[in-house]
Structures are given as structure tokens and as C-alpha cells.
Amino acid sequence: MTQGSSQSPHRVVVIVDENSNPFELGCATEVFGLRRPELGPDRLYDFRLCAPEPGTLMRDGFFTLSGVAPLAAAEEADTLIVPNRPDTEVPRRPAVLAAVRRAHARGARLIGFCSGAFTLAEAGVLDGRRATAHWQWADEFRARFPAVHLESDVLFVDDGDVLTSAGSAAALDLGLHVVRRDHGAEVANSVSRRLVFAAHRDGGQRQFVERPVPEPRDESLGPLVAWAQERLDTPLKVADLAVRAAVSQATLHRRFRAQLGTTPLAWLTAERLALACRLIERGEPRLEVVARRSGLGTAANLRALMRRETGLTPSAYRARFGPGGGRAG
């Protein structure tokens, strides 16, 4: 919803069930539930929790959650986030599965964080679809749900109206991806800054990275990344990053893989595309200017990358996220 919009905000409902994980519940609350006064007086989302019982015992009996809406609130969700629990072998409540099926049938967007993929699969809405889950449950998931195309080595999967993420922190990656999809890169970057979290980690990145034994000197990519982000409009190449870091290109590649889970070239491209999206959102109408200022070179290259990464052409992106455009309502 844009500032000053008369539309009702998109309604996000989280189902909390017995033994649900508090962390992913907190991620959903942080991303979708909090007010963002720096973005205007309106909420980005109408957010609420619901549960099948008045009191829900959370994971390992840490605490009991009460005072949330009854399960019937799921019937009004535009986006429904399903329960995720560590006891993946325990069947989900029939009432919860029925609520998920009804939401899917009426066209609501479904999100499963971590083991939430088991809830979606048990409800039957993942058959023939792409999904992911925490790597430690991959074998169990494939054995139980062979009709689902599980991608076990990615952070999250966006399969249109059904989205799933891998373990714990990937819930934040998927949540920010959804905000970016609904409200554009500028808003998503603002939310990520409030979270002090990476603005964009592509869903195709590995769930876990084998880190090399650290050398005594500081190998943090922070200073290099900050330096490069100020120069995205220049003909910056991976070789230039290596020179700036005073390492070989092979060493730079290893550090990017270890610390960011991606390659230097893929990181540069993603940063440039994010800058291009921000320029379009701020009202720059000329694609050649956007491509040049973001370091993407040509309007043709910009069009191809935007369609591949956002599913939208630049003109469609401008209509949705540019000045006066309509955000997700």
C-alpha cells in the first residue's frame, strides 16, 4: 500500500499451532507486522495471528501463546503463513490443513517457513510444485511427498502463489523478498535496514556454506562492498574488486562464496539491478539513463535482467512501483 492510499492493506495471517517455532513467528512479525513510520503513517500489511486453540504451547514448552484470533481469521487472509514445527513426523491438525486448502482454493498466497513446507505438502497444495525446506529434513520430505519438486540447496523458492524458505534465517530472506515483490526495492531496503539484515540474498543461494579456516588478518568484505556500492555506475569489474581488496580473483571468489554465498559477479549484477529498480521507483523515465547510472550498460540488458529477476518488464515495474503506481493492496 502506498502512502496516502485509500486501499485496505494486504492482510497477512499467521497460523500458530502446538509446538510452533518462536523464531519464524518473530520473523513474520518483524517483517509484516510492525509499523514503519519512516515509510508513512499507513501499515504495509494488516497483520494478525490466529490459532486453533485459545492457548498454544510453543516449541518445547517454552511459553504459551494466548490472546490471538481464532483459526477462522485464516479465512480472510490475502497471504497465509502456515505453522512450522520441529516435529515434522507428527500430522498437522485436520482443521489447520482444511484452512490451508480453502485459502489456496480462493487464491490466497501461501508461505511456509522452514518445516512449514511439511504443512503445505500435507495439505496437498505442493503436489507438482517447486518448494524447499531445511536441508536436514530433505530426505524425509522427499520420501513422504514424492510429488513435490524439492530444491533442498536453496534459501527460498518463489513458485508464484506458494512460497517456501529453508531454515530459520532464510525466513527473513523470503519475507524481504515478499516485501520487495509487493512494494518494490526501495521499501524492502528500508525494512532490511531496520532489521540490520542483508537487503537481498537471492533465493538460489546455498542454504549452508563451508567456510575456510580464517586467516589471522581481517577478511571481512564489508569495506569492499561499501566501496563498490558507491561506484556501481562505473565500469567496475571483478578484477577491480580484487585489486581494491589486494587479493587474487580466486581468493576474492572464495571470500564471496564463504561470506555472502554468491560470486563477485553475481553480487555486482544483483546490486546494479537493485539500484536500477530504485531509480525507476524514484521516477527516472529513461531506460537508457537507468541502465547507465546503475552500471547495467544498455536498456536491452536492463530489460532482460528485470524480466528474469522480477518477472516484470521495466514499464510494468514502473506502473506498479513508480511514482503514482499501485502497490499490492
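What volume does the largest cavity have?

The model described here is predicted. Its largest cavity has a volume of about 70 Å³. A search of the whole structure finds two cavities of 30 Å³ or more.

Thirteen residues, given as 13 in the count, line the largest cavity. Those nearest its centre are Val14, Ile15, Leu25, Val82 and Asn84. Two elements, strand 1 (10–15) and helix 1 (22–33), each give two or more residues to this lining. By class, the lining of the largest cavity consists of nine nonpolar residues, three polar residues and one charged residue.

## Contact between helix 10 and helix 12

How are helix 10 and helix 12 placed relative to each other, roughly parallel or roughly perpendicular? Helix 10 spans residues 264–281 and helix 12 spans residues 299–310. Their axes come within 11 Å and cross at roughly 95°. An angle of 65 to 115 degrees counts as roughly perpendicular, and the two helices are therefore roughly perpendicular to each other.

On the side of helix 10, the contact is made by Thr269, Leu273, Ala276, Cys277 and Ile280. Helix 12 contributes Leu302, Leu305, Met306 and Glu309. Sorted by class, the residues of this contact are seven nonpolar, one polar and one charged.

## Aromatic pairs

Across the whole structure, a search finds seven aromatic pairs. One of them is formed by Phe32 and Tyr45, whose ring centres are 5.1 Å apart. The planes of these two rings stand at 85°. Planes over 60 degrees apart count as edge-to-face, so the pair of Phe32 and Tyr45 is edge-to-face.

Phe32 lies in helix 1, whereas Tyr45 belongs to strand 2 (residues 45–51). The two residues are 13 residues apart, and the pair links distant parts of the chain.

How values were computed:
Residues numbered from 1 in each chain as written. Predicted model: local features only at pLDDT ≥ 70, side-chain atom pairs only at ≥ 80, totals over all residues. Heavy atoms only, no water. 1 Å grid on protein atoms, 1.4 Å probe; cavity = no way out; pocket = protein on both sides within 12 Å on 5 of 7 lines; lining within 4 Å. Points joined across faces, edges and corners; volume = space filled by probe spheres on them. Helix = DSSP H or I, 4+ residues; strand = E, 2+ residues; numbered from the N terminus. Nonpolar A, V, L, I, M, F, W, Y, C, P; charged D, E, K, R; others polar. Axes fitted to C-alpha atoms, helices over the stretch in contact; angles between N-to-C directions. Parallel < 35°, antiparallel > 145°, perpendicular 65-115°, else oblique. Contact = heavy atoms within 4.5 Å. Phe/Tyr/Trp six-rings, centres within 6.5 Å; stacked < 30°, edge-to-face > 60°.
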